[in-house]
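Here is a short report on one structure.

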Amino acid sequence: METIKFEDLKLDDRILRAVADMGFEETSPIQGKAIPLALEGTDIIGQAQTGTGKTAAFGIPLLEKVDPKLKKLQAVVLCPTRELAIQVAEEIRRLAKYMHGIKVLPVYGGQEIVKQIRSLKDGTQVIIGTPGRVMDHMRRKTIRVEEVHTVVLDEADEMLNMGFLEDMETILGQLPETRQTMMFSATMSPAILEIARKFQKDPETVKVVKKDL
Ligand code: AMP
């Protein structure tokens, strides 16, 4: 298979520098397929497991769209567990290393809510959270979604296994209709395709076989 370099993808220079610092040379298969589509604004269904580089596959296009000067929430990533939320937030922070003014915050259950509310008020543009806690903040209006342009469902099949379907639907139903929706899942089930049908617009499917980086 032909290899695609990050330099070939017309990315922001600051992201290219961060990617080089992280030691990435070529894109992984999911990145090579998903990033160009996502940069065009296309909704994506990505069938990819952990270890394929899926975090950067959605993290890079997401950061390309975040305006550092706008101190409002612009992107939401939903994850099944607190561990994954922390891990994804760390990777997105590394990618955003040279993009000054971008704040990335993991938001999960079990963490002191008052502390989270204080951090959220601080002009956070990107949150990575578990569905229950994100919904809780939306209800309290400590998360406002008017400016959200991108939403990612990471490990969507795991979120369904953990009983988050209703929370996911509630959150997706309240986000601006003009947003871009990217969904990643290791497996494709009828329930996953139903979420795509309800909440995505003409999604493109990208698939990769598991190959650890
Ligand atoms: P993920 O599937 O997103 O959990 O990524 C698995 C691991 O691969 C993480 O440690 C990433 O930092 C790393 N990684 C992601 N993309 C690349 C790449 N293009 N080249 C090398 N390593 C990568």
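The report below covers a predicted model.

## Helix α2

Helix α2 spans residues 29-39. Its buried residues are Ile-30, Gln-31, Gly-32, Ala-34, Ile-35, Leu-37 and Ala-38. What covers them?

Just past the helix comes Gly-41. Its phi is positive, about 95°.

## Salt bridges across the chain

How many salt bridges does the whole structure hold? The search finds 10.

One of them joins Lys-97 to Asp-21, with an N to O distance of 2.6 Å. Lys-97 sits in the loop between α4 (82-95) and β3 (104-107), and Asp-21 in helix α1 (residues 13-21), so the bridge ties together parts 76 residues apart in sequence. Both ends are partly exposed: Lys-97 at 44% relative accessibility, Asp-21 at 45%.

Lys-103 and Asp-122 also pair, at 2.9 Å from N to O. Lys-103 is partly exposed at 33%, and Asp-122 is partly exposed at 49%.

Salt bridges with shared partners also join Lys-54, Asp-154 and Glu-155 into one network.

## The Asp-12 and Arg-14 pair

Asp-12 bridges to Arg-14, and their closest N and O atoms are 2.8 Å apart. Asp-12 has a relative accessible area of 21%, so it counts as partly exposed, not buried, which would need under 20%. Arg-14 is partly exposed too, at 26%.

Methods: Residues are numbered from 1 along each chain as its sequence is written. This is a predicted model: local features need pLDDT of at least 70, side-chain atom pairs count only at pLDDT 80 or more; totals for chains, interfaces and linings use all residues. Side-chain values use heavy atoms; hydrogens and water are left out. Buried means under 20% relative accessible area, exposed over 50%, partly exposed in between (1.4 Å probe, protein chains only). Helices (H or I, at least four residues) and strands (E, at least two) are DSSP runs, numbered from the N terminus. A salt bridge is a side-chain nitrogen of Lys or Arg within 4 Å of a carboxyl oxygen of Asp or Glu.
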